[in-house]
There are 2 protein chains.
Amino acid sequence: MTSRKRERDALALADQLHSAAIHLLRHLRKEDDASGLSAPRLSALSVVVFGGPVTLGQLARAEQVKPPTMTHIVTGLEKAGLVRREGDERDGRLTRIHATSKGQKVLVAGRARRVELLASAVERLGATELAELGRGAQLLKELIDSMRRAQ
Amino acid sequence: MTSRKRERDALALADQLHSAAIHLLRHLRKEDDASGLSAPRLSALSVVVFGGPVTLGQLARAEQVKPPTMTHIVTGLEKAGLVRREGDERDGRLTRIHATSKGQKVLVAGRARRVELLASAVERLGATELAELGRGAQLLKELIDSMRRAQ
DNA sequence: GCTAGATCGTTAGCACGGCTAACAATGTCG
DNA sequence: CGACATTGTTAGCCGTGCTAACGATCTAGC
């Protein structure tokens, strides 16, 4: 019956993670609003800033979103002047997304603003708990990658 | 400089948690779609099913959402026959949200379906990692509660 | 008892995020 | 050169979230 117990554990854990993800994002949304950057835009901008110029399709795959959705997000970022489109010279179908210097600045500022709430909460944690939470975040990330590979 | 290091840790951790939350929800959305229940609806339904009859305002606060948003979500659940509104006899302003039996069934089925992906990923984890991830989820939940109390 | 204010929920209207279907433009290969 | 594949965009739908404004109801205070 130990496998039955594992299933129950997995179900309970999935529920906790699901609920935590929803509520965390709803909290962070408020801060994101202050910077004018929603979570999906911030996330995409982060990829562009740290991942260098990237095609729209790559960005869509990285963000696990369909191309039309990414077109929409990039258009928003472009109108805000945080990103610019540039056609590839060798392959006319591709459009490469570049971060502008404003985009880099806004990303850094947005990260700082976004983390304020979390940071003040994190500072109430002991060193042990901080390490444990870090470990949990790493495991969660690996879990998501594993889900992605499994389709 | 140790406090500076804590800040950097907090920033990096916040980024990881933010990114993980986004990508986890995007994955789970696909499963949620299969059951016809989006993440916010599933989350709200869960509160109604396990938290007994609840007023719309309580539900909105529990889900950290403004009343008009919750009105919309509840309307969707009601149209799907998962929930029903009932006026309070003592206070005519209140509307209590009750789960229907169909709502209970659908919630359970949705949870199972939703957890399939995660469960198969979780089963690739060792017992130690499972415990660590569970601890991380618990800490994350406490962190969110702490953020909520701090506004 | 009645009026003034507070509270609760809804409606209206906006912006964004996500999807599918359909299309145009470009590359590639037989 | 022509058929096919790939890339990105457009159009159109629905769900989520907000604020502003409103109607209905309760509660105080006079």
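**View 1. Strands E1 and E3 of chain B pair in the antiparallel sense over 2 bridges.** Strand E3 of chain B covers residues 95-99. Helices (H or I, at least four residues) and strands (E, at least two) are DSSP runs, numbered from the N terminus, and two strands pair if DSSP finds at least two bridges between them. B:Val54 has B:Ile97 of E3(B) as its bridge partner. This is a predicted model, in which local features need pLDDT of at least 70 and side-chain atom pairs count only at pLDDT 80 or more, while totals for chains, interfaces and linings use all residues. Residues are numbered from 1 along each chain as its sequence is written, with chains lettered from A and ligands numbered from 1 in the order in which they are written.

**View 2. The open sheet of chain B has 3 strands in the order E1-E3-E2, with antiparallel pairing.** Its edge strands, E1 (54-55) and E2 (83-87), each pair on one side only. Helix H2 (residues 39-51) of chain B packs on this sheet and touches E1, E2 and E3 of chain B. (Contact means C-beta atoms, placed from the backbone, within 7 Å.)

View 3. Helices H2 (39-51) and H4 (67-79) of chain A, and H3 (56-62) and H4 (67-79) of chain B, each supply at least two residues.

Key. Contact = placed C-beta atoms within 7 Å. Axes fitted to C-alpha atoms, helices over the stretch in contact; angles between N-to-C directions.
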